Amino acid sequence: MILAKLAYKSLLNRRASVLLTLFTIAISVMLLLSIERVRIDAKSSFSNTISGTDLIVGARTGDIQLLLSSVFRIGHTNNGVSWKSYEYITSQRGVKWSIPISLGDSHKGQAVLGTTLDYFSHYRFAKKQNLTFNKGHPFAAINEVVLGSEVANKLGYKLNDSIVISHGMGNTSFHHHDDNPFKIVGILNPTGTPVDKTLHIPLAAIDLIHGGSSLAPAEHAEHAEHAEHAEHAEHAEHAEHAKHNDLTGHPKQITAFLMGFNSPLYTLQIRRNINQYKQEALLGIMPTVTLKELWEMLAIVEKILLLFSAVVVLVSLLGMLTTLLANLSQRRRELAILRSVGARPWHLFTLISIESLMTTLLGCLVGSALYYLVIFSASGYLQSHAGISVNITMLSYYELGLIGVIMAAGFIIGLIPATRAYFYSLSDGMSIKA
């Protein structure tokens, strides 16, 4: 206890250099915990780019290629899925919901996705979060479009603006549909997923513009048909169903479709049936499994983050060692006085070891507090711009283990100057024969 109190007083006496060392350790702990949290949650969020979807069905190709084209809008599939097959498969027992999607068009390099209103009701990201609107509402007419947040911000669009989409993905557009402008009626909140870079239009609009038809006359005709049908419908739900069909249309084929089931048993059963479907070559993939396979292919990123974390800690510990050794040279007189009043070499060894342990402990505590401050402040930004859903929870056993490793490393580092103090010679003016 006397040595601990003496170590505390000694640290206070050298508070300038101690604070510098403590700050270095705190920064390294904060960076280590932050990097590890982002690394773990990035892996989790990547696996949840699309959430709550049991199957993605498309033309038979590779699992990862189908995932990249349908979810990440990267690349394209050579074939599509016939509308007849879509209706047959989604009518099977156990299917809870389905979302048809049609890709192949773009607007200034941003993907255009044709879909139905079910997209806004059933599509999930991260931990089964719903798509929400920052402004406006889902499309209600065939010539309306809903923008992802990044599209709106990057291109400076606002509600009621008119845009023209082009045939072809990415920056390569083969034909501009100038005669069929779309009116912006909704802008989604940021999700940190490919949804932010996507323009959403009714599925029926894709079919009409590719068939060379104009949206305006079709829209009037469909609204008239819808009004006539709604007038004779016995229930309001029939009118809503008619409106839904107006926006869906009857396309010859779609790019892919997403499915949700009432039970995992239905997922496995229907996936097997899809992969053995004889009418056309189709492939059903489980997105959560395929996302994990894709992440394993990108494991180098995880290894780089781990290496960066280790380098940060190593640099901070080496900085602490340098500071301790420099302070030891300045404390010759202090240690000589301690020896002169009866302190043994092992007393000096213990004193310096306790000082380094205290400094490391305080650095870890301050670093943990900074970690929570940084994570709390950056969680919203990481979610909206990087798609990383950060969990702000108590330190896990793994994270506590990392802090324990830093504590142990700090203690071992402190043994080096402590050992030097123990073996100082008489010429240093610190040793007195017992």
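1. A pocket here is an open set of points, on a 1 Å grid over the protein atoms alone, where a 1.4 Å probe fits and protein lies on both sides within 12 Å along at least five of seven lines, and its lining residues have an atom within 4 Å of a point. The second largest pocket is lined by 20 residues, and those nearest its centre are Ser 102, Leu 103, Gly 104, Gln 253 and Thr 255. Strand S3 (95–107), helix H7 (203–210) and strand S14 (253–254) each give two or more residues to this lining, with H7 supplying the largest share, four residues.

2. This is a predicted model, in which local features need pLDDT of at least 70 and side-chain atom pairs count only at pLDDT 80 or more, while totals for chains, interfaces and linings use all residues. Residues are numbered from 1 along each chain as its sequence is written, and side-chain values use heavy atoms, with hydrogens and water left out.

3. Of the 434 residues in the chain, 47% are buried, where buried means under 20% relative accessible area and exposed means over 50% (1.4 Å probe, protein chains only). The chain has 15 helices and 16 strands, which are DSSP runs numbered from the N terminus (helices H or I, at least four residues; strands E, at least two).

4. In helix H11 (residues 287–297), the buried residues include Pro 287, Thr 290, Leu 291, Leu 294 and Trp 295. They lie on the same side of H11 because they cover an arc of only 145° around the axis, the arc being that of the directions from the helix axis to the C-beta atoms. Lys 292 and Glu 296 are exposed on the face of H11 turned away from its buried side.
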